[in-house]
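Hi,

Here is the structure I promised to pass on. Have a look at it first, and my notes follow below.

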Amino acid sequence: MQAKKRYLILLSAGTCLVLLFYFGGVQLPSSGRNRHDRSHNGYRPDQPWPHFSDPLQQFLLWDQPDTEEYNIHISPRQKRDVNTSVYKGKRCRMDSCFDFSACKRNDFKVYVYPQQKGEKISESYQNILSIVEGSRFYTTDPGQACLFILSLDTLDRDSLSPQYVHNLKTKVQNLHLWNNGRNHLIFNLYSGTWPDYTEDLGFDIGQAMLAKASISTEIFRPNFDVSIPLFSKEHPRTGGDRGYLKYNSIPPFRKYMLVFKGKRYLTGIGSDTRNALYHVHNQEDVVLLTTCKHGKDWQKHKDARCEKDNAEYDKYDYREMLHNSTFCLVPRGRRLGSFRFLEALQAACVPVMLSNGWELPFSEIINWNTAAVIGDERLLLQIPSTVRSIHQDKILALRQQTQFLWEAYFSSVEKIVLTTLEIIQDRVLQQESRSTLMWNSHPGGLFALPQYSAHLGDFPFYYATLGIKPYPKFTAVIHAVTPLVSQSQPILKLLVSVAKSQYCAQIIVLWNCDKPLPAKHRWPATSVPVIVIEGENKVMSSRFLPYETIVTDAVLSLDEDTVLSTTEVDFAFTVWQSFPERLVGYPARSHFWDSNKERWGYTSKWTNDYSMVLTGAAIYHRYYHFLYTNFLPASLKGMVDQLANCEDILMNFLVSAVTKLPPIKVTQKKQYKETMMGQSSRASRWADPDHFAQRQTCMNKFASWFGGMPLVHSQMRLDPVLFKDQVSILRKKYRDIERL
């Protein structure tokens with residue numbers, strides 16, 4: 001009887017539970033994240049509740065990432081609802097939402113939709129489109145495109161902004177190539193609006209990729225989206241200023257240890273961290289200044305600290321603080337990103353990030369552990385002691401890396417856009433993608449093109465890192481433009497002198513003359529192979545094509561009327577082996593700024609100062625042939641070919657832009673100045689008054705495309721040991737140089 005009663009009680013209880021589940025009276029927690037949810041004591045799921053049971057974590061560097069979102073204004077459930085409405089393609093990855101077939105057929109080409117009449121477009125977005133259209137990726141044929149970019153302005157999706165484009169959802173869906181966003185890239189700097197600043201763009205992006213600023217780790221789709229930095233409309237379109245670190249001070253400490261100066265939000269999202277900064281501000285080496293004086297109704301919301309904060313805020317100059325601090329605090333604003341991030345990078349002030357959940361810019365390729373300190377908003381009070389504990393050697397390394405990253409990827413809108421495209425290209429062409437070393441070391445991913453080689457040792461920049469040396473031979477490339485009519489012509493003497501060099505592997509004669517190739521017996525007999533090839537289209541740029549016949553790392557570029565001895569060639573190559581990433585040569589030239597004409601000038605005067613080494617007698621790495629051909633735009637190469645001039649200047653611009661260093665001038669005989677341009681048809685070109693004027697024009701045209709003047713002045717000249725010393729000539733290795 002007792003057993004029957006127990007069974008009835010259990011059966012009744014089970015029936016009640018089933019009914020409760022059926023009518024929604026009881027909800028079991030779906031995951032451990034909701035274990036604190038309650039339906040009693042007045043608690044509502046849309047209100048936050050701190051998880052005091054969670055253990056506090058230590059202050060985090062980048063190699064100890066913390067992915068937990070910390071935002072007390074929006075509950076996790078609300079965030080999930082918002083995220084679902086923002087991206088229906090949340091699970092998109094390259095293998096599921098990207099069509100690789102078009103890219104395999106036509107390589108990586110980018111199509112920009114034609115701009116529609118009457119559509120407003122901001123200057124910033126117009127710059128982005130112009131940069132893409134001027135890049136080597138651009139195509140006007142959508143049938144050849146691998147990637148598509150909208151002409152509709154998507155940069156500012158804050159509905160309160162004057163730049164906001166209305167009815168974007170309908171406009172995008174009406175695009176005949178939209179295809180639910182597949183193979184599309186959308187650029188965005190601002191999303192959402194007051195008070196929550198969600199990441200909603202106001203239209204369904206479908207399967208499109210996002211290049212977005214202030215993107216959260218919760219929204220970010222790894223290896224699909226690209227996180228870009230937040231930049232202002234005043235950010236330079238091309239070029240950009242260099243970093244402010246002019247020299248390395250040891251120890252690397254400045255007047256201030258940690259600084260910040262910016263707005264303090266009294267209410268709303270992003271207010272908590274900035275409201276708490278006064279707790280660590282000591283007015284000495286930790287100076288964290290905020291002001292309430294912003295917005296139309298700030299006085300309505302001001303608190304007891306506002307007057308004091310505003311007064312102290314006005315006492316300090318932001319630029320002076322920025323340039324005289326070791327670390328710069330970069331707290332979140334209304335959105336996760338901040339202008340302070342790029343400002344700190346440029347000033348060589350190591351960024352201390354306080355923006356939980358922010359996917360840092362270009363995080364897919366950049367190791368931010370080498371250039372920034374990533375903090376936790378919840379552990380603000382630990383920041384001063386943490387940055388003080390960083391060793392001075394680490395500070396110096398962090399500071400140097402900020403300068404590299406700024407100049408490589410962030411100093412202009414052009415670099416930000418091209419870096420975004422290069423990242424996507426690496427995903428598409430995985431067999432030709434860059435390594436982490438190429439992205440995070442000089443000269444950076446924009447100048448290290450993986451299409452050249454998959455082996456780092458084939459580039460001139462990584463010899464020291466890899467512990468290897470360049471191949472100890474060179475290939476001479478002699479540019480011939482006049483017919484061979486006499487055995488006493490300078491080209492034949494030059495060929496014999498170069499062939500006698502112990503470092504010469506082969507000689508290539510590039511025949512850019514309108515006359516037919518000379519017979520083989522007209523060329524002198526040499527101990528090294530002599531290969532005569534006809535220049536492509538007989539244009540000047542053909543001398544810098546990446547010919548497969550060039551098998552050595554070093555290229556000795558020569559004009560047909562150059563006068564050099566074997567000893568001079570040997571010494572120049574020996575110098576180049578110590579500087580394989582730079583131009584090393586004999587005839588030097590310089591540039592200057594003409595303040596009267598407000599333009600760059602070119603001079604061939606012999607002075608103690610130079611910034612170019614002419615490629616009529618210079619040694620450089622063969623990679624620069626590939627870069628000249630594949631990196632530079634057709635407009636500049638077309639200008640060179642049309643003028644039959646300036647190819648040497650353009651090569652100097654390119655190498656200096658890559659290395660950020662001047663070329664290296666080596667010793668030559670005094671008579672070189674007079675005999676360099678001998679009695680040949682080429683002499684008439686140098687005597688032509690238009691020739692010099694053309695080179696002036698080239699200087700300014702090239703500087704415009706590079707976004708500034710990349711050439712660097714130098715006063716260094718490398719001579720052989722004991723050169724001109726009053727000692728026996730027998731003690732000198734390159735003794736013949738002094739006899740010439």
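Is helix H21 largely enclosed by the rest of the structure or exposed, and how many of its residues are buried? In this predicted model, 13 of the 13 residues of H21 are buried, so the helix is largely enclosed by the rest of the structure. H21 runs over residues 647-659 and spans 19 Å from its first C-alpha to its last, close to the 18 Å expected at 1.5 Å a residue. Just after H21 comes Lys-660, with a positive phi of about 60°.

The other spot I looked at is a helix pair. The axes of H13 (residues 392-410) and H14 (residues 413-428) come within 7 Å and cross at roughly 80°. That angle makes H13 roughly perpendicular to H14, because 65 to 115 degrees counts as such. On the H13 side, the contact involves Glu-407, Ala-408, Tyr-409 and Phe-410; from H14 come Lys-415, Ile-416 and Thr-419. By type, the residues of this contact are 4 nonpolar, 1 polar and 2 charged.

As for the overall picture, the protein has 25 helices and 23 strands. Of its 740 residues, 54% are buried. Among contacts between residues at least 6 apart in sequence, 75% join residues at least 24 apart. The accessible surface comes to about 34900 Å², and carbon and sulfur atoms account for 52% of that surface.

Best wishes

Methods. Residues are numbered from 1 along each chain as its sequence is written. This is a predicted model: local features need pLDDT of at least 70, side-chain atom pairs count only at pLDDT 80 or more; totals for chains, interfaces and linings use all residues. Side-chain values use heavy atoms; hydrogens and water are left out. Helices (H or I, at least four residues) and strands (E, at least two) are DSSP runs, numbered from the N terminus. Buried means under 20% relative accessible area, exposed over 50%, partly exposed in between (1.4 Å probe, protein chains only). Contact means heavy atoms within 4.5 Å. Accessible areas come from the Shrake-Rupley method with a 1.4 Å probe; for residues, only the protein chains shown count as cover. Axes are lines fitted to C-alpha atoms, for helices over the stretch in contact, and angles run from 0 to 180 degrees between N-to-C directions. Angles under 35 degrees count as roughly parallel, over 145 as roughly antiparallel, 65 to 115 as roughly perpendicular and the rest as oblique. Ala, Val, Leu, Ile, Met, Phe, Trp, Tyr, Cys and Pro count as nonpolar, Asp, Glu, Lys and Arg as charged, and the others, Gly among them, as polar. The expected span of a helix is 1.5 Å times one less than its number of residues.
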